[in-house]
Structures are given as structure tokens and as C-alpha cells.
Amino acid sequence: MFRILVVDDEKKIREVIRTYAEFEGHKVTEASDGLEAVELCKKNDYDVIVMDIMMPRLDGFSAYREIKKEKDIPVLMLSARGEEYDKLFGFEIGIDDYVVKPFSPKELMARLNVIVRRRNQKQEHHSYDFEGLHIDLDGREVVVDGTAVDVTPKEFDLLVYLVENEGVALSRDRLLSQVWGYDFYGDDRTVDTHVKMLRNSIGDYRSLIVTVRGVGYKFVSEDHR
């Protein structure tokens, strides 16, 4: 169970998210605009925020900036627009995910679960283990069946980002923006090349990095197959 703050000026949107979240056993608090969200975050703690961008009084981006001054709470942004600028700007200021309306409530909850799990793993663990694949976050080292393998810094960052978003199909554009950064002028081949090298580096565990046709890649362990 985790605590969710749902911020949207559309009551029906809030009700849909509440219904699915409470069905999964989570606790939901609602806010109808950005100012209300800021005040609630000053008084209460939440595990994750679902926030619309276009709202009266204070938009989602501005509200998130204000909340970040007080607390470090992960956020998933909602938008009726699929503009690339909005997505890139959102990720640039630190949001964790972005979903375009209309959306699938089931997919939304899956993304929220990933965000909260990722945050908890960062707070509690300094490594990841998948059978014989060991990823040491502090030492930035990858070990395969007891033997350290040579990976480039960018390959390591790519692997960690895939693992932290386990089960989520990540587009090449998103990987470029999150792993390489917003000032990188690369293309899809950059991601594909690094995935190929990374798969070669982790040998028998290459199948954990799955190609999602028409989208990009995702990391899938045995627990999620």
C-alpha cells in the first residue's frame, strides 16, 4: 500500500484513478488544482503524485517546482497533449514519468508501481541481483557469474535505467533523453548500438533485455516473465 496524491481539475479523472488505486489497496488524496496540491504536500507525506499539467490557478509544472522546494516526492505527469516539448521539459525538471490522456488506468497503475518500487530500491539497496547477474550501484560494476565484466560508463547507465524501469517498455527517444541527456544529438542507432554492446557484455543474461518491436527495449527478469 502506498499513498497517492491525485491532482487534476477534472473530477472524473480523479475518480477513475481513485477507483483503480483503492482497488489495489492504496490510499488516495485528491486536489483540484496546483495550489491545493502544494498546500497538501506541505502538511502531508505522499509516496507518489499524479498531476495534470494544464490546471487553473497553478499549472502542474509550476506546482511540482514548488513541491520540490519542500519535499522529494516522485511524480507522474498527465497531459491532454502529446507534445514532445512537454515531455522533455517535464523530464528535465525531474518528473518520473509522463502519460498522455486518454490513458489506460491499468497502465497508469503499473507505471505508478514502477515509480514507487524504483524509489524504494534506491533508498534501500545499493545493488541489483538477477540470477548470476550482479549490478553494484556504488562501485558501478557489473558482475556476471562471479566475474567482473568491462562495460563503458554509458552502458552501465543504460543497464541501470532499464533495470530501474523493469517491465516497462522504454522508447529509444526516452532512453536518449534520460541516459544520454537533453543536449545529446544522437539517433535511434545510438541506443541500438549500446544495447547490442551491453547484451554482449552480460553474455548469458542478454535475454533479460527484451526488444519491444516498434517501441524500444525493456528489462524483464524471471519474476516478470
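**Group meeting: rings, helix pairs and loops**

Tyr128 and Phe130 are both buried. I start with these two residues. One caution before I go on: this is a predicted model.

So what do we need in order to describe a ring pair? A pair of aromatic rings is described by the distance of the centres and the angle of the planes. For Tyr128 and Phe130, the centres are 6.4 Å apart and the planes sit at 15°. The pair is stacked, because planes under 30 degrees apart count that way. How many aromatic pairs turn up in the whole structure? The search finds 3. Which residues do ring pairs link into a cluster? Tyr128, Phe130 and Phe219.

Now the helices. Take α2 and α3. Helix α2 covers residues 34-43, and helix α3 covers residues 60-70. Their axes come within 9 Å. They cross at roughly 10°. Angles under 35 degrees count as roughly parallel, and therefore α2 and α3 are roughly parallel to each other. Who makes the contact? On the α2 side, look at Gly34, Ala37, Val38, Cys41 and Lys42. On the α3 side, look at Ala63, Glu66, Ile67 and Glu70. Sort the residues of this α2 and α3 contact by class and you get 5 nonpolar, 1 polar and 3 charged.

Stay at this end of the chain for a moment. Asn44 sits in the loop between α2 and β3, the strand at 48-52. Is Asn44 buried, partly exposed or exposed? Its relative accessibility is 32%, so Asn44 counts as partly exposed. Buried would need a value under 20%, and exposed one over 50%. Leu5 is 39 residues away from Asn44 in sequence. C-alpha to C-alpha, Asn44 and Leu5 are 9.9 Å apart.

Next pair: α6 and α7. Helix α6 is residues 153-164, and helix α7 is residues 172-180. The axes lie 10 Å apart, and the packing angle is about 120°. That angle makes α6 oblique to α7. The crossing of α6 past α7 is right-handed. From α6, the contact uses Lys154, Asp157, Leu158, Tyr161 and Leu162. From α7, it uses Arg174, Leu175, Gln178, Val179 and Trp180.

Last topic: backbone details in the loops. Where is the cis peptide bond? It joins Lys101 and Pro102, with omega at about -10°. Pro102 belongs to the loop between β5 (97-100) and α5 (105-124).

Then two residues with positive phi. Arg140 is not a glycine, yet its phi is positive, about 50°. Find Arg140 in the loop between β7 (133-136) and β8 (141-144). Its relative accessible area is 43%, so Arg140 is partly exposed. Asp145 is not a glycine either, and its phi is positive at about 50°. Which loop holds Asp145? The one between β8 and β9, with β9 at 147-149. Relative accessibility for Asp145 is 48%, so this residue too counts as partly exposed.

To recap, in order. Tyr128 stacks with Phe130. α2 and α3 are roughly parallel, and α6 is oblique to α7. A cis bond links Lys101 to Pro102. Arg140 has a positive phi, and Asp145 has one as well.

Technical notes. Residues numbered from 1 in each chain as written. Predicted model: local features only at pLDDT ≥ 70, side-chain atom pairs only at ≥ 80, totals over all residues. Heavy atoms only, no water. Axes fitted to C-alpha atoms, helices over the stretch in contact; angles between N-to-C directions. Helix = DSSP H or I, 4+ residues; strand = E, 2+ residues; numbered from the N terminus. Parallel < 35°, antiparallel > 145°, perpendicular 65-115°, else oblique. Left-handed = near helix turned anticlockwise from the far one by under 90°. Contact = heavy atoms within 4.5 Å. Phe/Tyr/Trp six-rings, centres within 6.5 Å; stacked < 30°, edge-to-face > 60°. Buried < 20%, exposed > 50% of the residue type's maximum accessible area, 1.4 Å probe, protein only. Nonpolar A, V, L, I, M, F, W, Y, C, P; charged D, E, K, R; others polar.
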